[in-house]
Amino acid sequence: MVSAAFLKECNVFQGLSDAQIEKLVAIAREESFPTGTLLYKEGDPSTHLYLVQQGKVFLEMKTDMGPTRPPMQVIIDVVTRREAFGWSAFVEPNLHTLSALIAEPTTMIVFDGGKMKALMEEDCAMGFEIMKGLTRLLANRLNHTRVLLIGERALATLTADTEYA
């Protein structure tokens, strides 16, 4: 059973009233996934919002390493307890921008995007609060990606400097 108290702890649902949280509980389901499960791939249709209750999920993307090297999977973010992913279910063209791989046994709260959007349209204040939470999620993910990019560039620069020294 999905716990209203747990949903209230989650950043994406900050600002929701008890009555609004109960509406979410009514459309939520709990699911468990074993390590190694590929939940979805980058480019797949996005239809659900996921909230980690316990466990760990890697959000990855495939990067092209050039014509002579195979593509490489890069972990962009690690999602853990009380964190959400699957925001693409709310933004057209509703395609996942990353792949989701279960990194350890994980229990999640899963929301059908269509049902959740219907609730958000019915209760605009609720919809606004959830969209604010999803915006915080995106800003956090963008920050993680920037840190990764800066680290990669710094490492490449240091490696290049030592090769020419």
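Contact here means heavy atoms within 4.5 Å. With that in hand, among contacts in this chain between residues at least 6 apart in sequence, 77% join residues at least 24 apart.

Before I go on, the ground rules. This is a predicted model, in which local features need pLDDT of at least 70 and side-chain atom pairs count only at pLDDT 80 or more, while totals for chains, interfaces and linings use all residues. Residues are numbered from 1 along each chain as its sequence is written, and side-chain values use heavy atoms, with hydrogens and water left out.

Now the overall layout. The chain has four helices and six strands; these are DSSP runs, with helices being H or I of at least four residues and strands E of at least two, numbered from the N terminus. Read from the N terminus, the order is α-α-β-β-β-β-β-β-α-α. The C-alpha atoms fill a box of roughly 65 × 30 × 30 Å along the principal axes. Of the 165 residues, 39% count as buried, meaning under 20% relative accessible area, where exposed is over 50% and partly exposed is in between, with a 1.4 Å probe and protein chains only.

Next, helix H3, residues 113-122. Which of its residues are buried? They are Gly-113, Met-116, Leu-119 and Met-120. These four sit on the same side of H3, because they cover an arc of only 125° around the axis, taken from the directions from the helix axis to the C-beta atoms. In general, an α-helix has 3.6 residues a turn, so residues three or four places apart point the same way. The face of H3 turned away from the buried side carries the exposed residues Glu-121 and Glu-122. At the start of H3, a side-chain oxygen of Asp-112 comes to within 2.9 Å of the backbone nitrogen of Gly-114.

Two single residues next. Ser-46 lies in the loop between strand E2 (38-40) and E3. Is Ser-46 buried or exposed? Ser-46 counts as buried because its relative accessibility is 4%. Its side chain reaches the backbone nitrogen of Ala-89 at 2.9 Å. Leaving aside neighbours within four places in sequence, the contacts of Ser-46 include Gly-86, Ser-88, Asn-94 and His-96.

Thr-63 belongs to strand E3, residues 48-63. With 22% relative accessibility, Thr-63 counts as partly exposed. Not counting residues up to four places away in sequence, Thr-63 touches Pro-71, Met-72 and Val-74. Thr-63 and Glu-9 are 54 residues apart in sequence and 34 Å apart in space, C-alpha to C-alpha.

A cavity is a set of points on a 1 Å grid over the protein atoms alone where a 1.4 Å probe fits but cannot get out; a pocket is an open set with protein on both sides within 12 Å along at least five of seven lines, and lining residues have an atom within 4 Å of a point. The whole structure has one cavity of 30 Å³ or more. The largest cavity holds about 70 Å³, and its lining includes Tyr-40, Phe-85, Trp-87 and Arg-141.

The second largest pocket holds about 200 Å³. Of its 16 lining residues, the closest to its centre are Asn-11, Glu-83, Ala-84, Leu-137 and Asn-140. Helix H4 gives the most to this lining, with five residues.

Conventions
Polar contact = N/O pair within 3.5 Å; in protein donor to acceptor, adjacent residues only side chain to side chain. Points joined across faces, edges and corners; volume = space filled by probe spheres on them.
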